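Me: I'd like to learn how to read a structure like this one. Could you walk me through a few features?

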Amino acid sequence: MAGEKIRKLAAALGAEVCGIAGTDRFIEAPEGFRPTDILPGAKSVVVYGRQFPKSLFAASSNAPYTLFRNKLIDIVDHISIRLSAEMEKEGFMTVPVPSSEPYEYWNPTLRHGRGILSLKHAAQLAGLGFIGKNTLLINGKYGNRLWLGAVISDAPLKSDAQKPGNCPEGCRICRDACPQSALDGTTIEQIKCRAISASQSEGGGFMLTCNLCRKTCPFSRA
């Protein structure tokens with residue numbers, strides 16, 4: 001199964017971007033969180049994404065953003081499930097990576113969660129962009145507005161060229177906007193972020209209450 005066929009299939013399933021990274025590019029990933037730790041014999045990671053509309057960031061309420069984010073999880077996970085099934089039909093072992101929960105790794109003291117594979121780092125390695133100071137993937141067309149998914153496979157696919165990039169030198173917009181001072185330009189302190197990033201109302205209903213690191217970034221308007 002050629003990489004181009006996989007890209008077309010991902011697009012037909014709803015992906016707006018798609019890239020491929022060989023597992024040899026994940027050598028710097030933490031032990032236990034590399035593609036070959038998840039699927040022994042893995043050779044490739046196919047990464048894709050769907051965008052958030054720009055208009056969500058103009059709304060005075062975060063309810064529309066929460067709705068769209070929750071639906072994107074289902075959409076992107078559906079792509080992963082379908083793509084895995086189609087690649088297995090072609091004779092390749094292929095497993096989907098959850099685009100959100102569940103977390104196998106959770107540090108309750110630091111309130112730090114980690115997926116089985118870092119999707120933003122996988123996307124960077126697959127040529128879909130670079131990671132900004134807000135710790136979000138920055139894509140050339142969609143800025144920081146992508147929700148990412150991936151499958152890991154033993155299919156020997158050719159890696160896409162990486163696209164190095166950086167936030168503008170001296171830019172502090174996301175760091176200054178963060179009410180929790182959770183960003184240092186390289187990483188995020190999840191315990192600070194999680195303290196205000198979501199809430200559950202007494203009347204029922206989950207709400208993402210802070211997305212300023214995404215919203216205030218100039219790349220949200222790409």
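Me: Which helix does Q190 lie in?

Reply: Q190 lies in helix α6, residues 190-197. Helices here are DSSP runs of H or I with at least four residues, strands are runs of E with at least two, and both are numbered from the N terminus. This is a predicted model, where local features need pLDDT of at least 70, side-chain atom pairs count only at pLDDT 80 or more, and totals for chains, interfaces and linings use all residues. Residues are numbered from 1 along each chain as its sequence is written, and side-chain values use heavy atoms, leaving out hydrogens and water.

Me: Is Q190 buried or exposed?

Reply: Buried means under 20% relative accessible area, exposed over 50%, and partly exposed in between, with a 1.4 Å probe and protein chains only. Q190 has 17%, so Q190 is buried.

Me: Which residues does Q190 touch, leaving out those up to four places away in sequence?

Reply: Contact means heavy atoms within 4.5 Å. Q190 touches L110, R111, H112 and G113. The side chain of Q190 also reaches the backbone nitrogen of G113 at 2.9 Å.

Me: In what order do the four strands of the open sheet come?

Reply: Strands of a sheet pair through backbone hydrogen bonds, either parallel or antiparallel. Two strands count as paired if DSSP finds at least two bridges between them. Here the order is β1-β2-β8-β3, with antiparallel pairing. β1 (17-22) and β3 (94-97) are at the edges with a single partner strand each, so one side of each has no neighbour in the sheet.

Me: How many bridges join β2 to β8?

Reply: Eight bridges link β2 (residues 44-51) with β8 (residues 146-153), and Q51 stands opposite L146 in β8.

How values were computed. A polar contact is a pair of N or O atoms within 3.5 Å; within protein, one must be able to donate a hydrogen and the other to accept it, and residues adjacent in sequence count only if both atoms are side-chain atoms.
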